[in-house]
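Q: Could you walk me through this one, feature by feature? I'd like the general idea each time, then the case at hand.

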Amino acid sequence: MSAIEQALEMHEKWNGKIETTAKAHVNTREDLAIAYTPGVAEPCKVIAKDPDAAYKYTMKANTIAVVSDGSAVLGLGNIGAKAAMPVMEGKAVLFKEFGGVNAVPICLDTQDTEEIIKTVVNIAPAFGGINLEDISAPRCFEIETRLKELLDIPVFHDDQHGTAIVVLAGIINALKVTGKKKEDCKIVVNGAGSAGVAITKLLLSYGFPHLTMCDSKGILSEESPNLNWMKKEMIKVTNLDHKTGTLADALKGADIFVGVSVPNIISQEMVASMNKDAILFALSNPVPEIMPDLAKAAGAKVVGTGRSDFPNQVNNVVAFPGIFKGALEGRAPQITEEMKLATAKAIAGLVPDEELNEDNILPEAFDPRVSQVVSEAVKALI
């Protein structure tokens, strides 16, 4: 049986990957009176007087909503709300298994920015945080920004920030392996959607001064055609040399490549044109921008992908469960840029210097230390 056949069989068997489990057991009339009427009125009255008491008396304290409109699902694109459900259910499983955080998948049958914002605001009282998932760019930027302004609970778009955090963690350790310094590195980010923009912003926050972004038409510059509002914002802080041209032009003399784009777009010749001991994170999944063996043969020193069958997997699961665990436990009103940087450093720090090498720059997703270390990094900044 192939992996595809097994996945279909198991999803049919599961008939949904999560279920509701009651903590309160109702076996007697007394149990019923305490869990429901009339006893349930007491916490209701307390919360009515003090809304913050919801964290004490309801699931809000450790439950988030995983919200998607199905417009940018994995590598599948705009497949809609119902088809997005298996992914959102899977995300809920990862929150629980890796961070001990309860998560409810909510797939919205609208892709209207204002409707999404209004809906999330209206359901927010039941949740301690909102994880936005698989919403297409540039709408995702506005949705997250507006929700952060409107809500007093953390809002986090994992496709943006979870990816960025793990990429930065990997680069921090790759620099140690290669001996490169961030001040000297020239970085090319290919893909100007949600992940590419967030990666670029976080790398800038960390102190990398030389970043160039590319999209399907080449280097982003003032001369690029049909720029959306976010790309216009990004060219104000990237490509400070005002280069134009193709991705191949951008890579000449670069030290680091981060791809969140399409398969097989990087050739060995392009890798060879980069500086010695180049670092490549080819994150198109399941087929990366260049296969690791080809990149290594062309001169790359460190190569990461999104795949679990190659070394240096860049996997969001080492970030988002612990981030929400820390945010919920610390009652953070939002997840800040400082928290993202601290989380990246904490993840990088889980690989001791003596164990760092070109094939070992990131902790495994199943490392039991990850969630706790990440959550503590978040709580330290609340």
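Q: How far apart do the C-alpha centres of domain 1 and domain 2 lie?
A: Domain bounds come from an automatic or database domain assignment. In this predicted model, the chain splits into domain 1 (3-157) and domain 2 (158-381), and their C-alpha centres are 28 Å apart. The contact (heavy atoms within 4.5 Å) takes 33 residues from domain 1 and 28 residues from domain 2.

Q: Before going on, what ground rules apply to the numbers?
A: Residues are numbered from 1 along each chain as its sequence is written, and side-chain values use heavy atoms, with hydrogens and water left out. As this is a predicted model, local features need pLDDT of at least 70 and side-chain atom pairs count only at pLDDT 80 or more, while totals for chains, interfaces and linings use all residues.

Q: How do I read the area buried between domain 1 and domain 2?
A: The size of an interface is often given as the accessible area lost when the parts come together. Buried area here is the accessible area (1.4 Å probe) that two parts lose on being put together, summed over both. For domain 1 and domain 2 that comes to about 2,500 Å², with carbon and sulfur atoms giving 66%. Phe98, Phe141 and Phe156 supply 31% of the area that domain 1 buries against domain 2, more than any other three residues.

Q: How many salt bridges does the rule find across the interface of domain 1 and domain 2?
A: A salt bridge needs a side-chain nitrogen of Lys or Arg within 4 Å of a carboxyl oxygen of Asp or Glu. By that rule, two cross the interface of domain 1 and domain 2, and the structure holds 22. As an example of a salt bridge, take the side chains of lysine 91 and aspartate 158, at 2.4 Å from N to O.

Q: Which elements supply at least two residues of the side of domain 1 that touches domain 2?
A: Helices (H or I, at least four residues) and strands (E, at least two) are DSSP runs, numbered from the N terminus. On that side of domain 1, strand 1 (63-68), helix 5 (81-99), strand 3 (129-132), helix 7 (139-150) and strand 4 (155-157) each supply at least two residues.

Q: What separates arginine 146 and glutamate 142 in helix 7?
A: About one helical turn, because they are four residues apart in helix 7. Arginine 146 and glutamate 142 form a salt bridge, with the closest N and O atoms 3.0 Å apart.

Q: Where should I look for the UniProt "binding site" of Asn285 and Asn315?
A: UniProt positions are given in the numbering used here, feature names are shortened, and annotations may be inferred rather than shown by experiment. An unreviewed UniProt entry puts "binding site" on Asn285 and Asn315. They span 31 residues in sequence, yet no two of their C-alpha atoms are more than 11.2 Å apart, so they gather at one spot. Asparagine 285 sits in the loop between strand 9 (278-282) and helix 13 (292-297). A cis peptide bond links asparagine 285 to proline 286, with omega about 5°.

Q: Which residues does UniProt list for "binding site" along with Glu133?
A: Asp134 and Asp159, again from an unreviewed entry. The listed residues span 27 residues in sequence, yet no two of their C-alpha atoms are more than 6.6 Å apart, so they gather at one spot. Glutamate 133 is in the loop between strand 3 and helix 7.
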